[in-house]
Amino acid sequence: MELKYKHIFVLIALSLGGMSTWGQPKVTYRQIVTSPIDSWVEVTDRTKAMNGETQEEASVSNGKGQTIEGFGACFNELGWVSLGLLPSADRESIMKELFLPNYGANFTICRMPIGANDFSRDWYSYNENDGDFKMKNFSIQNDTETLIPFIKSAQLQNADIKVWASPWCPPSWMKYNKHYASAVCDPSLKNTKFDNGLPADRAGREGMDMFILKPEYLKAYALYFSKFIKAYRKAGIDIFGVMPQNEFNSAQIFPSCCWTAQGLASFVGDYLGPEMKKLNVDVMFGTMERANYLLVDTILQDSNAKKYVKAVGFQWAGKDAVKEVRRHYPKMKLMQTEQECGDGHNDWNGMLHSWDLLKHYMDNGISIYNYWNVSLEEGGISRWGWRQNSLVVVNPESRMFRFTYEYYLMKHISHFVLPGAVYRPVEGSAKEILAFENPDGSTVLLYMEKEGKDKTVTVKLKGTSFRFFTKANCLNTIKVD
């Protein structure tokens, strides 16, 4: 064979499936890219990948990490309020994009509050009748206006969506300070709509039990959880798991309640755990928002509590405890329960921070990953004056909406990485990369170019290799069949 024909033959072989190495099995892949300019663009021209010199290398290990159970966000009252500003057709298209299987974000596991949280319309609980230990006046009537239709709307797209729940605050009469808040608001908020009205002498602090740790209160609170599960089941929503308290170390100006780890161990082991077992509902511990893994250790070493804890959930500074908890309890399921919320700007820098969080949690064994707000009005301001990001932003004047960069970050992973996928460690000079193997054997890579440089990346995978090209400042998903 003449030399020129050899060259032509090699070029043809290399072009098949995006740069398979000569003599190795063909690699076919799909590449989706999001940049500050364009979102969710499919790359079909592989010329630059074929002709470029490798700047980074990534070798996907055959080793197995955690099994991925799913991705989602939190159903909050203000999310449904914001979506209610839109025409019904737009609202339905958003829910389809978020929840319809194999369509958009493909969300499968979501969170909800038990009673009010910081993104509720206002403070409420399911029973504000002081001393009602039998929960005779328990009612989820408030939720029929917001949370229940929100979740039911998601169920219309995916009937199998899984929901777990946690309280931000118990009924106020169950707390020593008899108030939903745990911290005094900033003086600048006094006499404004953001003022929580909590006197300074009734503020709580980290390291104390603000919940009244008396048997009649603990028993009644476990019953409160049980009533919640049964009421939601009657409404057609099955809650598969609960956590006892959101951010149990944090005294906040919005609905909150500080507990000690010992106090929670008693509640979980003697009251909540047995009550939830009757209903076949998992108890997960959290949410952990501190870096001190010993707080989890207190629960998992307690002879009663540890029998019921099926998972541990982390958010905010709790991300720095994940590694140690995983090391000490390698068989425990780990969850990321609330992605850090941003500042309401919903800009590219916020997305880059969210990428850092996603990568950190996945590299450290997380099986369930939950974003925070599904949707907010422009500016993302809460009932208590905190501006936050969201997946969808609604303009209340124009009654129009847009998906944010962070939405596309979630979609880049949740659309492709399916329940049952396995995390695969990656070695090499490419550091901003994640790899997963789906149950069908396909491999999904996420690669974030953060240095502002066009790059060609060579990937070694299952005995073969291929290249892909990325422009500067781009998030890439590569699905390899």
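How much space lies in the second largest pocket, and which residues line the second largest pocket?

Modeller: This is a predicted model, in which local features need pLDDT of at least 70 and side-chain atom pairs count only at pLDDT 80 or more, while totals for chains, interfaces and linings use all residues. Residues are numbered from 1 along each chain as its sequence is written, and side-chain values use heavy atoms, with hydrogens and water left out.

The second largest pocket holds about 240 Å³ of space. A pocket here is an open set of points on a 1 Å grid over the protein atoms alone, where a 1.4 Å probe fits, with protein on both sides within 12 Å along at least five of seven lines; lining residues have an atom within 4 Å of a point. The volume is the space filled by probe spheres set on the points, which are joined across faces, edges and corners.

Its lining consists of Leu78, Val81, Ser82, Lys193, Phe194, Leu376, Glu377, Glu378, Gly380, Ile381, Ser382 and Arg383. Two or more of these residues come from each of helix H3 (77-83) and strand S12 (375-377); H3 gives the most, with 3 residues. Helices (H or I, at least four residues) and strands (E, at least two) are DSSP runs, numbered from the N terminus.

By class, the lining has 5 nonpolar, 3 polar and 4 charged residues; Ala, Val, Leu, Ile, Met, Phe, Trp, Tyr, Cys and Pro count as nonpolar, Asp, Glu, Lys and Arg as charged, and the others, Gly among them, as polar. For reference, the largest pocket has a volume of about 440 Å³, and its lining comprises 10 nonpolar, 7 polar and 5 charged residues.
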